2 protein chains.
Amino acid sequence: MDVRTKILEEATRLFAAHGVDGTALQEIADAVGVKKPSLLYHFPSKEALHASVLEDLLSRWNEIVPRLLHAVAREDRFDAVLDACIAFFTADPDRARLLLREAIDRPGEMRALLSTHVTPWLGVMAESIKKAQADGSMRKTVDAEAYILQIIHMVIGTFTVGATVQVLLGHSGSNGRPKRGSIDPRLTAELKRVARIALKQE
Amino acid sequence: MDVRTKILEEATRLFAAHGVDGTALQEIADAVGVKKPSLLYHFPSKEALHASVLEDLLSRWNEIVPRLLHAVAREDRFDAVLDACIAFFTADPDRARLLLREAIDRPGEMRALLSTHVTPWLGVMAESIKKAQADGSMRKTVDAEAYILQIIHMVIGTFTVGATVQVLLGHSGSNGRPKRGSIDPRLTAELKRVARIALKQE
DNA sequence: CCTACCGATCGGTAGG
DNA sequence: CCTACCGATCGGTAGG
């Protein structure tokens with residue numbers, strides 16, 4: 001693996017864990033196994049590295065968007081879309097942490113990111129819900145756009161603080177505790193149940 | 001207002017906005033209108049100030065917990081509990097941001113805070129749901145503890161990134177845009193609708 | 001509650 | 001990709 005890729009990987013991990021401000025270039029350099037000035041040979045500044053990390057994340061997100069838009073046109077669309085989102089963050093929970101930190105640390109930049117990468121498919125999905133409301137297959141009380149945002153809150157919440165809050169789940173079952181850092185399947189199962197039942201008529 | 005209180009107020013605001021690591025004692029001192037060493041006269045260290053800010057937040061939370069536990073015993077309990085939580089964070093959205101940052105920046109400390117301040121009433125509420133499931137007034141498919149955690153994800157999400165993501169809500173109505181920094185009522189209304197319908201039978 | 005100051009660490013640069 | 005180094009800022013202290 002080339003050094004540039006290794007730098008992006010370690011920077012992603014550390015930015016997600018401690019935030020951009022909370023991560024020193026020295027820490028990233030140590031994790032990669034190079035000296036600090038070498039980072040600034042590959043990326044002109046910390047801000048440029050930060051931007052590259054976000055670009056990397058968003059390009060991976062854009063890989064699955066076509067699949068999402070395809071799923072919207074099918075019958076079981078919303079289960080499929082939700083499954084795809086959950087799979088995206090399961091593959092690397094750092095993605096959720098990174099997006100959440102960006103939203104609270106730099107709301108202005110995040111608004112720009114959302115307008116570019118979220119508005120399109122959110123609009124398509126909201127229209128799809130409204131059509132289904134018109135022909136009676138989905139609850140008429142659903143506020144389509146607000147509903148989608150609240151589902152996103154659950155998804156992001158599950159993958160950012162899920163590993164922390166799940167100590168509150170009683171593990172009464174005898175089949176061992178979940179692996180450290182992983183998400184309890186009860187959280188994702190309940191998320192899907194809530195999302196489905198709040199949307200579909202009967 | 002005495003200086004100590006002013007320091008706690010400004011520290012709360014800045015910690016919520018930029019994180020503890022992202023806030024210099026100098027910034028807090030400037031906001032209060034004193035010199036930096038004066039902060040360290042009132043609080044022995046930045047860490048001690050951070051701890052005091054969290055204590056302040058949790059003591060305000062504990063003020064409403066009795067009201068919450070009382071509401072659980074009533075008929076309209078869950079609407080009332082949710083309204084109380086929404087009111088708590090509406091009074092100061094910094095509370096949500098502070099809690100969320102603590103959860104992602106210091107998961108270990110957050111787990112301790114949750115065990116002390118959340119486990120008790122979460123247990124009471126979960127038992128209340130299970131009893132209602134037994135007598136058929138609530139859906140048997142609800143995973144009580146996981147359900148409560150997902151509702152918390154929506155509440156915290158609404159108050160931390162709601163002001164940012166709500167640019168995605170179409171403001172088709174003619175009654176002006178919402179005030180800057182405030183939460184669009186569509187988000188809280190949909191949150192309450194989703195929470196209610198996912199829980200109650202029929 | 002202040003002035004004056006400390007060592008450590010920050011992001012970044014010069015030069016090879 | 002390295003050594004050597006920069007000014008700025010960090011949390012915190014001495015002394016009044």
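The structure is a predicted model, and each value below was computed from it. In chain B, helices α1(B) and α6(B) pack against each other with their axes 8 Å apart, while over all chains the count of aromatic pairs comes to 8.

**How two helices of chain B pack**

- Two packed helices are described by the angle between their axes and by the distance between those axes.
- Helix α1 of chain B spans residues 3–18 and helix α6 of chain B spans residues 94–105, and the two pack at an angle of about 60°, with 8 Å between their axes.
- That angle makes α1(B) oblique to α6(B), and the crossing of the two helices is left-handed.
- On the α1(B) side, the residues that meet α6(B) are Thr12(B), Arg13(B), Phe15(B), Ala16(B), Ala17(B) and His18(B), and their partners in α6(B) are Asp94(B), Arg97(B), Leu98(B) and Arg101(B).
- Sorted by class, this contact between α1(B) and α6(B) has 4 nonpolar, 2 polar and 4 charged residues.

**Aromatic rings**

- Of the 8 aromatic pairs counted over all chains, one is formed by Trp61(A) and Phe88(A), whose ring centres are 5.0 Å apart and whose planes stand at 75°, an edge-to-face arrangement.
- Trp61(A) lies in helix α4 of chain A (residues 46–72) and Phe88(A) in helix α5 of chain A (residues 77–91), so this pair ties together parts that are 27 residues apart in sequence.
- Trp61(A) and Phe88(A) are both buried.
- In chain B, the rings of Phe88(B) and Phe89(B) have centres 5.1 Å apart and planes at 80°, and because planes over 60 degrees apart count as edge-to-face, this pair does too.
- Phe88(B) is buried, with a relative accessible area of 5%, and Phe89(B) also counts as buried, at 6% relative accessibility.
- Back in chain A, ring pairs link Trp61(A), Phe88(A), Phe89(A), Trp121(A) and Phe159(A) into a cluster.

- Leu39(B) lies in helix α3 of chain B, which covers residues 36–42.
- If neighbours within four places in sequence are left aside, Leu39(B) is in contact with Ile7(B), Leu25(B), Ile28(B), Ala29(B) and Val34(B).
- Leu39(B) and Ile7(B) are 32 residues apart in sequence, and their C-alpha atoms are 7.6 Å apart in space.

Terms used:
Residues numbered from 1 in each chain as written. Chains lettered and ligands numbered in written order. Predicted model: local features only at pLDDT ≥ 70, side-chain atom pairs only at ≥ 80, totals over all residues. Heavy atoms only, no water. Axes fitted to C-alpha atoms, helices over the stretch in contact; angles between N-to-C directions. Helix = DSSP H or I, 4+ residues; strand = E, 2+ residues; numbered from the N terminus. Parallel < 35°, antiparallel > 145°, perpendicular 65-115°, else oblique. Left-handed = near helix turned anticlockwise from the far one by under 90°. Contact = heavy atoms within 4.5 Å. Nonpolar A, V, L, I, M, F, W, Y, C, P; charged D, E, K, R; others polar. Phe/Tyr/Trp six-rings, centres within 6.5 Å; stacked < 30°, edge-to-face > 60°. Buried < 20%, exposed > 50% of the residue type's maximum accessible area, 1.4 Å probe, protein only.
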